[in-house]
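Subject: Structure handover

Hello,

I am passing this structure over to you.

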Amino acid sequence: MPGFDLDAVKNQIEQDAATVDSLLKLEELRVKYLGRKGVLAELTAGIGAVPPQERAGFGQKVNVLKNTLNALVAEKQKLFSPRSGQSPASSFDIGMPGINQNLGHLHPITQVVDEICGIFTSMGFVAVSGPEIETEYNNFTGLNIPLEHPSREAFDTFYLKPAGGNQRQRYLLRSHTSPVQVRVMKTAKPPLAVVVPGRVYRPDAVDASHLFMFHQIEGFMVDKGIRFSDLKGVLDVFVKRVFGKDVKTRFRPHFFPFTEPSAEVDVSCIICKGKGCSVCGKKGWLEILGSGMIHPNVFKNVGYEPKKYSGFAFGMGIERIAMLKYGINDIRLFFENDLRFLRQF
Ligand code: DAH
C-alpha cells in the first residue's frame, strides 16, 4: 500500500510508548494501535492493496510490528500492575499522609546511666555488671559491714527464702552495687578502675523520694599509691561534666563501714547556684554520693595486701542525679510508664 510509511508508524509507536506512565495510558496505546479499528488493523486490511512484488515484505513488516507492540504492551502491563511487586508509578499518591512511625527512645534512667558511665570510661574506667541476687557475704560481710549493722535487718533488705537443703549462704536482693567491688577484686588484680551500674532493692515505703527498686553506680580504683586526692580529682571531673563547669564540689566527712576515711560529696545547688532554696533546704548544697578510701578489711577479705595497695570507692543513686539534672520532684514518675512524662527525654 503506497500510502503507508511503516518507519513513520514505528517512530510514532515509540514516541507514544514513551509517554505511557499508567495502566490507563497503556490501554489507550493498545486501542490506538492494536484495537479493532486500530492502526495495525488498518495496515493489515491494506496488505491486499500493496503491489504483488512488495506484498510479502510489507506483510512481514506489519507482523513484526504487531509482535513487537504486543510484547511491549505485555511488558508495560506487568510493570504497572500492582501485583508485580514493583512500585506502581501510577498508583503512588505523593499527597497521601505518611504512616506515623512511633519511634521509641531510651528510658531517661538508661540515658543518665549511659552518660555517667561514658564520663568514667573516658577517664579509663571499665564498666562491669553484677547479679541482682547476691550472697549475704558479698553484700555485707565482705564489705566490712558487721552482723549487727542496721542495714542487715530484714526490714532494710529483701532476703530470699532458702532454696532448701543446708545452704551455707543466705541470698538476698542486693541493697547496693558495692558487692561488685568484692566480686571484681576476688577475680582480678590491681590496677583496677571500674564502674558498676545496676538495679538495687530495699524494702522502703514508696513516696516521692523512695522506691523499693532504684539504680546505683558504684565506682572504684585500686593500685599502688592511690590517694584521696585522686578520688577528689576524678569526682570533680564527673560533677562538672554532669552538672556544668560552674558547679562546685564539697567533701564532707561521713562514715561508711567499707571506706576509711569516708566522705559524702555535695554539689553547689544547681537550682539556686548555692544561694539557698527549697530544693537544697536553704543550705546551698545538695548531697549526691558517698565515697572514701577502701577499708583495709575489705582488701583483706578479697585477698589483697592492704599495705601494698590502696584505692578509693564511691556510690551514687542514679534517680537522684537524674532528678536534680532535669528538675524532677517525684521518683515514681520514672517507673509509671506514663508516655507524657517519658516523651520529654
Ligand atoms: N553503698 C553505699 C550505699 O548504698 C554507697 C557508697 C558509699 C558506696 C560510699 C561506696 C562508698 O563505694 O565508698 O549507700
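Below is what was found, starting with the ground rules.

This is a predicted model, in which local features need pLDDT of at least 70 and side-chain atom pairs count only at pLDDT 80 or more, while totals for chains, interfaces and linings use all residues. Residues are numbered from 1 along each chain as its sequence is written, and side-chain values use heavy atoms, with hydrogens and water left out.

A few terms next. Helices (H or I, at least four residues) and strands (E, at least two) are DSSP runs, numbered from the N terminus. Two strands pair if DSSP finds at least two bridges between them. Buried means under 20% relative accessible area, exposed means over 50%, and partly exposed lies in between (1.4 Å probe, protein chains only). Contact means heavy atoms within 4.5 Å.

The sheet

Seven strands form an open sheet with mixed pairing. Their order is β1-β4-β5-β9-β8-β7-β6. β1 and β6 (249–256) stand at the edges with a single partner strand each, so one side of each has no neighbour in the sheet. Strands of a sheet pair through backbone hydrogen bonds, either parallel or antiparallel.

Start with β4, residues 192–201. Nine of its ten residues are buried. β4 runs parallel to β1 (residues 126–127), and two bridges join them. Here Ala127 has Val195 of β4 as its bridge partner. β4 also pairs with β5 (residues 213–223), this time antiparallel, through ten bridges. Gly198 is bridged to Gln216 of β5.

Now β8, residues 285–294. Eight of its ten residues are buried, so β8 is largely enclosed by the rest of the structure. β8 pairs with β7 (residues 259–268) in the antiparallel sense, over eight bridges. β8 is also joined to β9 (residues 310–317) by five bridges, again antiparallel. Look at Ser291. This residue of β8 is the bridge partner of Ala263, and Ser291 also stands opposite Phe314 in β9.

The helices

α4 covers residues 52–80, 29 residues in total.

α8 has 16 residues, 228–243, and reaches 22 Å, close to the 22 Å expected. Leu231, Val234, Leu235, Phe238, Val239, Val242 and Phe243 are buried in α8. They cover an arc of only 135° around the axis, which puts them on the same side of α8. That arc is taken from the directions from the helix axis to the C-beta atoms. The buried residues of α8 pack against α5, β6, β7, β8, β9 and α10 (318–326). Just after α8, Gly244 takes a positive phi of about 120°.

Two residues to check

Gln181 sits in α7 (residues 179–187). Gln181 counts as buried because its relative accessibility is 1%. Leaving aside neighbours within four places in sequence, Gln181 is in contact with Leu143, Glu218, Phe220, Ile294, Val298 and Ala313.

Asp114 belongs to α5 (residues 108–122). Its relative accessible area is 41%, so Asp114 is partly exposed. The C-alpha atoms of Asp114 and Pro197 are separated by 9.0 Å, although the two residues are 83 apart along the chain.

Best wishes

Notes: The expected span of a helix is 1.5 Å times one less than its number of residues.
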